[in-house]
Amino acid sequence: MISSTTWAPRGFPSEFPEKYEMNDVEMERIEAMANLKLKDAQDELAETQKDDSDISEMKANINKSIASKLQSQDDIDDDLKEYDLEHYDDDETYEDSVANGLKVSMLPGLSSTGARYHEDENNADGDAYITLPTERELLEEKQELQVYPTDNMILSTRTEDDISFLDVYVYDDGAGAPDGAEEEDGDKFDPDVARGMTRDPSLYVHHDIMLPSFPLCVEWLSYKPFGPNDNSNVANFAAVGTLDPQIEIWNLDCVDKAFPDVILGEPEENSVAGLTKKETKKNKKGSHVTTHHTDAVLSLSHNRSFRSVLASCSADCTVKLWDLNQAQCVRSMNKIHQGKQISSSQWSEENGSILLTGGYDGYVSLTDVRITEEKSMTKRFVVGSGNEEVETACWGPENTVYAGTDQGNIYCLDIRAQKSLWTLHAHDSGISTLDRNRFVDGLLATGAMGDKNLKLWNVPTSTNSGNPSMILSRDFGVGNVLASSFAPDVEVAGFITIGGASGSLQIWDSLSNRTVRKSLGGQLKSLQDQARERAKELGRSSRISRKYRTEHEQIMVPDAGEDDDDERLEAAPETEQVEVDDEFV
């Protein structure tokens, strides 16, 4: 199941991500956190046993019964006593391991070098030896992790058999001239083309991260927590919200990492300074907790204007603003949606102080976070009759917002005139995904929890023109559609990710579909000219400006081949690119 997805723009991921190596400081921090969690669990267990006398008495009787049976067992074989099998499964404590001798490697300094231990089978004495990786092996390992500056990272949260992951995909749009086009001098900016080779588009899983709970949302961050609060802080991180009230932040340029870099929502327990403190005061049920969420995190939005700010919405009916420099909640608002769950959030790209939210109270809200008074900081707009729950919301063009509800309706609201411009019954079940293309005016994608089809719509781009119309509806074989997201870069302007209740993530170049291109009129030509000018300023050639000269439609699924040492040039044929007949609905 793919529950959420988003993109990382080109140029932000490190070209050569590093492999995570745990140092002594990190190990001490993790051990201290684990001990604190264990102590908390023991305290809770002791409190429960104290309050529940019946259970305590039952356990005491059971322990007495077991003790009497063990005392009467006198016929244990003497040969087995020395092995102490009764304590075979007991965990060895740190003090025991010190007393018995610590198990350490012969040469600890080689633990992170890829050194391998071998035993000589041909030697009767059983001599052992160590080999170090060759320069070629190190280079091949480095190339396996390489991310080209023209690659896009795609983030997708996946759950299989009750185990959840954050999958980090890399989409390589290829190099050289697209089908039906001629090569240009600017194509040689790519090192493979400069060597006389070309690359076909490819999609593969770069690495994955195991998550502690079922993921509900993922947001890409261009800001490193605790980093400098200026333009030099350019990073590649992901924030993940799950059924747990905490928010995990991961460094995407670090592979094989087992623990998040930051956990928002537990500042005391997850900082080294806070490990010596313990908050014993219990929050009263129903009180407004201002330091952290107390229920599932439903939505995350990173502020592109003030990059140290992250907004989160939760099933605990609050909106919280997090300062990534301190990894702490600096503001918590619980009256924006009248005590109802808040399902969606998105910062305005034009005004970084305005936050759009949608809630189960049937309203979308615009909140100016510069205002201190919570009563006057928010403007609320009713969606429909107010009897529908808002499942998702996003900004539209020219002071409009879109809202999708649990009844399958899409509403377009004029926030200045404070009225509804049009209503679209897009699906017969609750809207699960709603996204607007940033480069093609009026191109809207929708999906629903009970619908296997992703739908594209042509919607009005001004407040005084027409009604929306469907362009295309398609079943991508992912089950009920749960997530979709348009690409953030002009060179892949038509690409959209699709994830659902079954199957793997898919990527579709919607502009490669003849029906979609027809519906755009002259917008595609304008987009291609814009991309050509941008590439020319950088001394490169634009691929999208030379695409769509054939009727080949592009739908891609991740490579499923076995891991090997083949170069990326050889991985492209494994990518599934299918020609699909155009569908009119």
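**View 1. One cavity in the whole structure.** A search of the whole structure of this predicted model turns up one cavity of 30 Å³ or more. Here a cavity is a set of points on a 1 Å grid over the protein atoms alone where a 1.4 Å probe fits but cannot get out. Residues are numbered from 1 along each chain as its sequence is written. In this predicted model, local features need pLDDT of at least 70 and side-chain atom pairs count only at pLDDT 80 or more, while totals for chains, interfaces and linings use all residues; side-chain values use heavy atoms, leaving out hydrogens and water.

**View 2. Who lines the cavity?** Meet the lining residues (those with an atom within 4 Å of a point): Pro397, Thr400, Tyr402, Cys412, Leu421, Trp422, Pro460, Thr461 and Ser462. Strand 22 (400-405) and strand 24 (419-425) each give two or more residues to this lining; strands are DSSP runs of E, at least two residues, numbered from the N terminus.

View 3. The strands run in the order 25-26-27-28, with antiparallel pairing; two strands pair if DSSP finds at least two bridges between them. At the edges, strand 25 (431-436) and strand 28 (469-475) each pair on one side only.

**View 4. Strand 25 beside strand 26.** Strand 25 and strand 26 (residues 443-448) pair in the antiparallel sense over five bridges. Look for arginine 436, which stands opposite leucine 444 in strand 26.

Note on methods. 1 Å grid on protein atoms, 1.4 Å probe; cavity = no way out; pocket = protein on both sides within 12 Å on 5 of 7 lines; lining within 4 Å. Points joined across faces, edges and corners; volume = space filled by probe spheres on them. Helix = DSSP H or I, 4+ residues; strand = E, 2+ residues; numbered from the N terminus.
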